[in-house]
There are 2 protein chains.
Amino acid sequence: MRYSKQREIIYNAVMNNLVHPTADTVYAMLKAENPELSLGTVYRNLNLLAQNGDIIKIEVLGAADRYDAKSMPHFHMICTECNEVFDIPYTVVPENLAQSALDATGHSITEYDIAFKGICKNCKKKGE
Amino acid sequence: MRYSKQREIIYNAVMNNLVHPTADTVYAMLKAENPELSLGTVYRNLNLLAQNGDIIKIEVLGAADRYDAKSMPHFHMICTECNEVFDIPYTVVPENLAQSALDATGHSITEYDIAFKGICKNCKKKGE
DNA sequence: CTCATAATAGTAATGATTACTATTTATAAT
DNA sequence: ATTATAAATAGTAATCATTACTATTATGAG
């Protein structure tokens, strides 16, 4: 893979971002400083970086995909009030889940993802 | 909600279908016998029926939503070989998952869905 | 420095789904 | 039964996230 300035700034944008940005968010963040940047380039590089394992891609039901700095594997929860995405540690799910499913159905599970929905800590506090 | 012939045949199509059809599949199934049927009508009624609790809507990451006859709550697994969707019983997941997540993060989980991927029983047999 | 080709910008296309609007139709009231 | 009203439809256009396409630019090996 050849170096490109665009890929570098896209990678940095994801790494330095606290929230879990969508492709469009990354594009908007960078467009001001890089007016010639193309949305297609953002998509292509985010997917390349995710394939490479440099960042991770979070697929969200019925909404735009989000990208995240690479870290421990974890699940995600989307807050139904503020629409922010939060991390849920891997450890909340028992390790034998795939095995349980195999035992129950005969189908071999190679991967699974859990999409949590709820009210985040912050919104709960506000609501009181 | 007022009666409509279209809603009736759409409902029956889902109930009598063994697989988990997409809106487009339902449309294709019915179009031959009902040439004036509109795809928008299929979508609207599938969603109405799902809201009503008469059928269930299965949201699939990166693919068209699927609909299913109402039954015990359960999760779904999509086979990466044949793309068919199979049921995974609710019981493979421990009941306290939402509570574990709350304990670990402070966020209140109101619902969650698990998307399983793997190789189904049938494809596994074929592969041998 | 030169050249092959990877990566880009900009735009068009895609696919699932929803929105819109004129027309049709179910059903409650006359 | 007739009519009136509002819900439902057909058909089409619009939306939104994403990918595909193509001419141009730029990386980096030789």
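In this predicted model, chain B and chain A bury an area of about 2900 Å² between them, and carbon and sulfur atoms give 66% of that area. Within the share that chain B buries against chain A, B:L61, B:H107 and B:K117 supply 20%, more than any other three residues. Counted by contacts, 34 residues of chain B meet 34 residues of chain A.

The side of chain B that touches chain A draws at least two residues from each of strand 4 (85-89), helix 4 (97-105), strand 5 (108-119) and helix 5 (121-127), and strand 5 of chain B gives the most, with twelve residues. By type, the residues on this side of chain B divide into 20 nonpolar, seven polar and seven charged. Between the two chains the count of salt bridges is zero, although 16 residue pairs are found in polar contact across the interface. Strand 5 of chain A also pairs with strand 5 of chain B, in the antiparallel sense and over eleven bridges, and there A:I119 stands opposite B:S108.

We can now turn to the DNA. The side chain of A:R2 has an N or O atom 2.4 Å from a base oxygen of DNA strand D, whereas a polar side-chain atom of A:N47 lies 3.1 Å from a phosphate oxygen, and a polar backbone atom of B:E36 is 3.0 Å from a phosphate oxygen. The residues of the surface near DNA strand D divide into six nonpolar, six polar and six charged.

Note on methods. Residues are numbered from 1 along each chain as its sequence is written. Chains are lettered from A and ligands numbered from 1 in the order in which they are written. This is a predicted model: local features need pLDDT of at least 70, side-chain atom pairs count only at pLDDT 80 or more; totals for chains, interfaces and linings use all residues. Side-chain values use heavy atoms; hydrogens and water are left out. A polar contact is a pair of N or O atoms within 3.5 Å; within protein, one must be able to donate a hydrogen and the other to accept it, and residues adjacent in sequence count only if both atoms are side-chain atoms. Ala, Val, Leu, Ile, Met, Phe, Trp, Tyr, Cys and Pro count as nonpolar, Asp, Glu, Lys and Arg as charged, and the others, Gly among them, as polar. Contact means heavy atoms within 4.5 Å. Buried area is the accessible area (1.4 Å probe) that two parts lose on being put together, summed over both. A salt bridge is a side-chain nitrogen of Lys or Arg within 4 Å of a carboxyl oxygen of Asp or Glu. Helices (H or I, at least four residues) and strands (E, at least two) are DSSP runs, numbered from the N terminus. Two strands pair if DSSP finds at least two bridges between them.
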